[in-house]
Amino acid sequence: MSRLFKLIQNEQAKIYIRKSTWIMYIILFAIIIAGAFLTDKFSDLNEDYQGDDWREVLQEENKDLQKEMEKDEYAASINPETIAKNNYYLENDIQPAPYGTWNFVTENAVLMMLVSLLTIIVAGGIIANEFRWGSIKLLLIRPISRSGILLSKYLATLLFGLYTTIFLFITSWIVGAIFFGVGDMNPEIVKQTANGFTSVSLLQETFTQYGYQLVPLIMMTTLAFMISAVFRNSSLAIGISIFLMMGGNTFIGFLAEKEWAKYILFANLDLSQFADGRTPMVNGLTLEFSITMLAIYYVVFLAMSWIIFTKRDVAGQ
Amino acid sequence: MTVAAMELVNLKKSIGNKDIIKGLSFSINRGEVFGFIGPNGAGKTTTIRMMVGLINISEGDVLIQGHSIKKDFKQAVREVGAIVENPEMYPFMTGWQNLKHYARMMPGVTEERMLKVVKLMGMEKAIKEKVGKYSLGMRQRLGIAQALLHKPSILILDEPTNGLDPAGIREMRAHIRHLAREENVAVIVSSHLLSEIEQMCDRIGVIKNGEMVTLQQVGAQDNDNLVHQLTVTPITKAKQFIQEEFALQVVEQDGILSFHCKKEQMPAVIKSLVENNCSIYEANVVNGTLEDQFFELIGENTIE
Ligand SMILES: Nc1ncnc2c1ncn2[C@@H]1O[C@H](COP(=O)(O)OP(=O)(O)O)[C@@H](O)[C@H]1O
Ligand SMILES: [Mg+2]
């Protein structure tokens with residue numbers, strides 16, 4: 001056990017000692033700052049509703065929206081939703097909460113895409129790089145089984161994903177707190193579901209959003225790890241995984257009508273499609289089915305990595 | 001009977017339908033430096049890869065201190081320290097960080113041991129620098145340091161003199177001899193150049209096309225059949241003279257004359273050359289049998 005711990009320590013040292021890793025973090029940090037800046041400048045931060053007259057403000061706004069709809073076709077299509085939301089506040093006597101750092105953290109869940117990308121880069125290199133450097137030969141002649149080496153590398157990759165997620169989360173919170181203030185301890189937000197609007201805990205919403213994003217992160221990372229182990233080529237592993245991650249949803253869009261579309265990995269990656277009474281992308285998908293498919297893909301990816309890595313000759317490049 | 005540090009038992013490797021190693025059997029004892037010589041492509045690296053379990057063994061086995069590398073990998077490999085092909089350490093880490101990395105992978109490697117190994121390889125100054133900045137010689141030394149960390153009973157060095165300048169080669173030889181004594185390890189040194197490693201070896205095995213063609217003790221010379229080498233000018237005249245006067249077969253290569261003759265014959269040869277106004281700069285005796293066999297087997301002395 002302590003041996004595995006030391007192996008993971010080695011792998012992490014190799015990840016974090018390299019400049020490219022720090023550049024990835026700096027880029028992520030810069031994007032968070034830029035996001036906060038843009039949100040601060042251009043978004044509606046609910047500031048108008050913070051006075052005692054918030055009810056009047058909401059009613060006034062609804063009237064304006066109504067008027068706009070009569071003149072403008074585009075406004076006619078999007079304004080009803082805002083009006084309905086405002087009415088929900090009024091009917092339930094909920095004062096819209098000010099935009100605080102938790103809102104910012106929640107919105108930054110989209111940056112998990114970037115975290116996935118960075119983790120894929122690490123996963124794609126973690127085995128292939130050892131082959132490229134030639135250091136694999138020194139790594140595999142230790143009194144440790146190849147399975148042990150493989151496991152340590154996989155766990156180190158997942159930990160990198162976890163640390164980077166935590167980095168995104170905490171940095172977003174701090175940057176958000178600086179730009180927008182800490183806000184309430186447990187604010188509520190109003191969100192739309194299939195059954196109309198409801199008020200939910202923002203904290204819960206935050207963790208749910210990040211949780212959904214962890215699924216594609218883990219799956220795509222494991223795919224990149226497998227390609228890295230099988231083909232021993234990091235560009236290939238990173239290229240294919242990122243291409244599929246970016247293009248996956250588009251494929252599904254094209255193939256949604258096909259009988260077998262639901263068996264494709266990308267149709268099952270977004271578990272939020274089953275939440276709030278939404279309709280899944282592809283016919284015949286259920287939460288149980290998706291989880292089963294994900295588990296099958298996951299096991300296949302890991303099994304392939306393991307079989308190839310432990311059995312194949314380490315000779316020549 | 002003591003167990004050999006390493007024993008190869010009819011070791012074979014085929015890739016596809018090509019037989020690369022065709023049944024090697026020999027053993028190496030503790031404290032011995034074994035030279036593993038053969039031209040490029042003979043199968044030295046392939047054999048070494050099997051010795052350390054990097055590639056599967058097609059047939060036969062490698063026993064390290066009695067443990068089979070096939071069936072008992074962890075026990076067997078614990079006894080081995082190796083560099084396979086190039087000393088590929090992580091260039092973005094310092095020498096010390098590299099050693100630390102490998103120390104974490106093996107039980108019982110203390111900081112004290114790491115310091116000792118650094119000292120043994122004479123790297124105290126360079127150890128805090130990034131490996132990316134090291135010369136090839138330095139990287140070779142760090143490679144050996146890495147291989148020694150866990151006090152192996154056998155040290156395998158694949159072409160450790162490759163790419164080094166003459167001074168580097170001399171240094172490497174001194175290090176390896178010193179190690180064999182100091183650490184009491186068996187050392188396997190491979191090379192495609194007999195001349196580069198002959199001096200430091202106790203025994204030499206020559207491999208060609210995946211087969212061991214000769215295995216012999218260094219220094220076991222055939223006194224009647226020594227190869228003498230002369231650096232002499234004018235060379236053509238001297239060559240002609242020796243051939244005619246002494247009826248010897250003389251080969252001229254790189255400005256050096258080589259020929260077989262008995263030890264007792266040499267003073268007369270040199271004396272008459274001098275009397276005939278030839279200037280002799282250097283006279284050498286080389287281990288005739290080995291050099292010859294290598295020459296005969298491989299076709300020439302150095303094959304790139
Ligand atoms: N993976 C491989 N596939 C096919 N042939 C190989 C492979 N590895 C080595 N060989 C062949 O095996 C022979 C021995 O190679 P090698 O062990 O590297 O020789 P050496 O180290 O003595 O120079 C060469 O002819 C080489 O072409
Ligand atoms: Mg070789």
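This report describes a sheet, a helix and a ligand site in chain B of a predicted model.

## The sheet of chain B

Chain B holds an open sheet of four strands, whose order is S2-S1-S4-S5 and whose pairing is antiparallel. Strand S2 (18-28) and strand S5 (67-68) of chain B stand at the edges, and because each has a single partner strand, one side of each is left without a neighbour in the sheet.

Leu63(B) has Ser68(B), a residue of S5(B), as its bridge partner.

## The helix across the strands

Helix H1 (residues 44-51) of chain B lies across strand S1 (6-15), S2 and S4 of chain B, and its direction makes an angle of about 115° with S1(B).

Among the residues around the ligand are Ile15(B), Lys18(B), Ile20(B), Pro39(B), Lys44(B) and Thr45(B), and by class the shell comprises four nonpolar, five polar and two charged residues.

Oxygen atoms of ligand 1 lie 2.7 Å from a polar backbone atom of Gly41(B) and 2.9 Å from a backbone N or O atom of Gly43(B), while a polar side-chain atom of Thr46(B) is 2.5 Å from an oxygen atom of the ligand. Taken alone, ligand 1 exposes 570 Å², of which the protein buries 64%.

Terms used
Residues are numbered from 1 along each chain as its sequence is written. Chains are lettered from A and ligands numbered from 1 in the order in which they are written. This is a predicted model: local features need pLDDT of at least 70, side-chain atom pairs count only at pLDDT 80 or more; totals for chains, interfaces and linings use all residues. Side-chain values use heavy atoms; hydrogens and water are left out. Two strands pair if DSSP finds at least two bridges between them. Helices (H or I, at least four residues) and strands (E, at least two) are DSSP runs, numbered from the N terminus. Contact means heavy atoms within 4.5 Å. Axes are lines fitted to C-alpha atoms, for helices over the stretch in contact, and angles run from 0 to 180 degrees between N-to-C directions. A residue is near a molecule or strand if one of its heavy atoms lies within 4 Å of it. A polar contact is a pair of N or O atoms within 3.5 Å; within protein, one must be able to donate a hydrogen and the other to accept it, and residues adjacent in sequence count only if both atoms are side-chain atoms. Accessible areas come from the Shrake-Rupley method with a 1.4 Å probe; for residues, only the protein chains shown count as cover. Ala, Val, Leu, Ile, Met, Phe, Trp, Tyr, Cys and Pro count as nonpolar, Asp, Glu, Lys and Arg as charged, and the others, Gly among them, as polar.
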